[in-house]
Amino acid sequence: MTPERPMRRVTFSRLALGGDSVGYLPSGKVCFVRGAPLNEALSVDIVQEKRKFARGVLSEESHGAHCSSAAQCGGCPWHHAPRHVQRDALREHVVRGLRDVKWTDGEDLSWLGDSPSKHWRQAARFHFRDQEVGYFGAGSHRIVTPKKCENLTEPMETCRSALTAWFSQNGLGKGTVKVTGSGSDQRCAVQIHFFEEVGDWQRLGASLFAALPKGTYLVVETEDEVYRWGDCEWMPVGPQSVPHEVGDFVQANQFILEPMLSWIENQVHGFTSILELYAGSGLLTFSIANAERRISAFEQSPNAVRRLH
């Protein structure tokens, strides 16, 4: 006979990275539960208990989700919390990480910026299996395809809808799709990686590229080849534009990019010699470049170095 799991009443007060809500048992031990709404006293089944923490699952249905697809979709780990709570939690984690590496000690971090309550996501990873494409379901590998993702920016959602329609007619094994929005315009970049061989991707990729919104940049990666369609992204930085491609390390979120660049400019004000490590395609390099500064930028990616020149 399976022993009955202990049940506790827990009120969750904050969000942890990865999708868990954080509360405390009556003993004072921290308790993690995935998807638990905040500031509600909830019944929790304890499924794992260690010396310093416990994990549990909700034993009752809660109506705290702030997304119509939250019950099935695992695309956003914090979908059980309002957007402003997610934003504050993310800011808290960023500040803690910066303090851990001694980058900041309570200084103003308003450069992190702000974002709207809906249509704020500038990047998303989808999974496909045969004719299905969507997010993994919460806590599973089941593919969930929401009718509409209200957290994606509108260009991203348009691109997701086009991918869904195309894959529904072209079952192609399994793999991942990463969609990144541009902080500068309405275009998206789509990167597809296949876990198995699928045949003639020159033809299939051209078919998919034609089905995607105009201006989309498409990259398809198989085990042996990389195929590209469309022009690379150009991101405005001051009076010039910086090219970048899928896989480059750039900040594409328009709600963060501009205040971040402004903050960096304030930090380097007055310096005439600057060393930048891991410069990528030069997003930060070009943003702080002027006639009075000498910038030494180091980067190990050959493609990024080519675009730096």
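**Burial, packing and exposure**

Visitor: Are Trp166 and Phe167 buried or exposed?

Guide: A residue counts as buried under 20% relative accessible area, as exposed over 50% and as partly exposed in between, with a 1.4 Å probe and protein chains only. On that scale, Trp166 and Phe167 are both buried.

Visitor: What kind of model is this, and what pLDDT do local features need?

Guide: Residues are numbered from 1 along each chain as its sequence is written, and side-chain values use heavy atoms, with hydrogens and water left out. The model is predicted: totals for chains, interfaces and linings use all residues, side-chain atom pairs count only at pLDDT 80 or more, and local features need a pLDDT of at least 70.

Visitor: How many helices and strands are there?

Guide: Both are DSSP runs numbered from the N terminus, helices (H or I) having at least four residues and strands (E) at least two. On that basis the protein has six helices and 16 strands.

Visitor: What share of the protein is buried, and what share of its contacts join residues at least 24 apart?

Guide: Of the 309 residues, 42% are buried. A contact means heavy atoms within 4.5 Å. Among contacts between residues at least 6 apart in sequence, the share joining residues at least 24 apart is 51%.

Visitor: Which residues of H2 are buried, and which elements are included in what covers them?

Guide: The buried residues of H2 are Pro155, Met156, Glu157, Cys159, Arg160, Ala162, Leu163, Trp166 and Phe167. In an α-helix, residues three or four places apart point the same way, because there are 3.6 residues a turn. The cover over the buried residues of H2 includes strands E6 (123-129), E7 (132-136), E9 (174-181) and E10 (188-194), and helix H3 (201-211).

Visitor: How many aromatic pairs does the whole structure hold?

Guide: Rings of Phe, Tyr and Trp (its six-membered ring) pair if their centres lie within 6.5 Å; planes under 30 degrees apart count as stacked, over 60 as edge-to-face and the rest as tilted. The search of the whole structure gives six.

Visitor: What are the distance and angle of the pair Phe32 and Phe53, and how many residues apart are they?

Guide: Phe32 and Phe53 are edge-to-face, at 6.1 Å centre to centre and 65° between the planes. Phe32 is in strand E3 (residues 30-34) and Phe53 in strand E5 (residues 53-58), and the pair links these distant parts of the chain, 21 residues apart.

Visitor: What is the angle between the planes of Trp166 and Phe167, and which residues form one cluster with them?

Guide: The rings of Trp166 and Phe167 are edge-to-face, with centres 5.2 Å apart and planes at 85°. Their aromatic cluster has as its members Trp166, Phe167, Phe128 and Phe194.

Visitor: Which residues does Thr176 touch?

Guide: Thr176 is in strand E9 and counts as buried because its relative accessibility is 12%. Leaving out residues up to four places away in sequence, Thr176 touches Arg125, Phe126, His127, Phe128, Gln191, Ile192, His193 and Phe195.

Visitor: How far is His93 from Leu15?

Guide: His93 lies in helix H1 (residues 83-100) and is buried, with a relative accessible area of 16%. Apart from residues up to four places away in sequence, His93 touches Leu15, Ala16, Leu17 and Trp78. Although His93 and Leu15 are 78 residues apart along the chain, their C-alpha atoms are separated by 9.6 Å.

Visitor: What is the phi of Asn39?

Guide: Asn39 is in the loop between E3 and strand E4 (41-49), and it counts as exposed because its relative accessibility is 63%. Although Asn39 is not a glycine, its phi is positive, at about 60°.

Visitor: What is the phi of Tyr278?

Guide: Tyr278 lies in the loop between strand E15 (273-277) and helix H5 (283-288), and is exposed at 60% relative accessible area. Tyr278 is not a glycine, yet it has a positive phi of about 55°.
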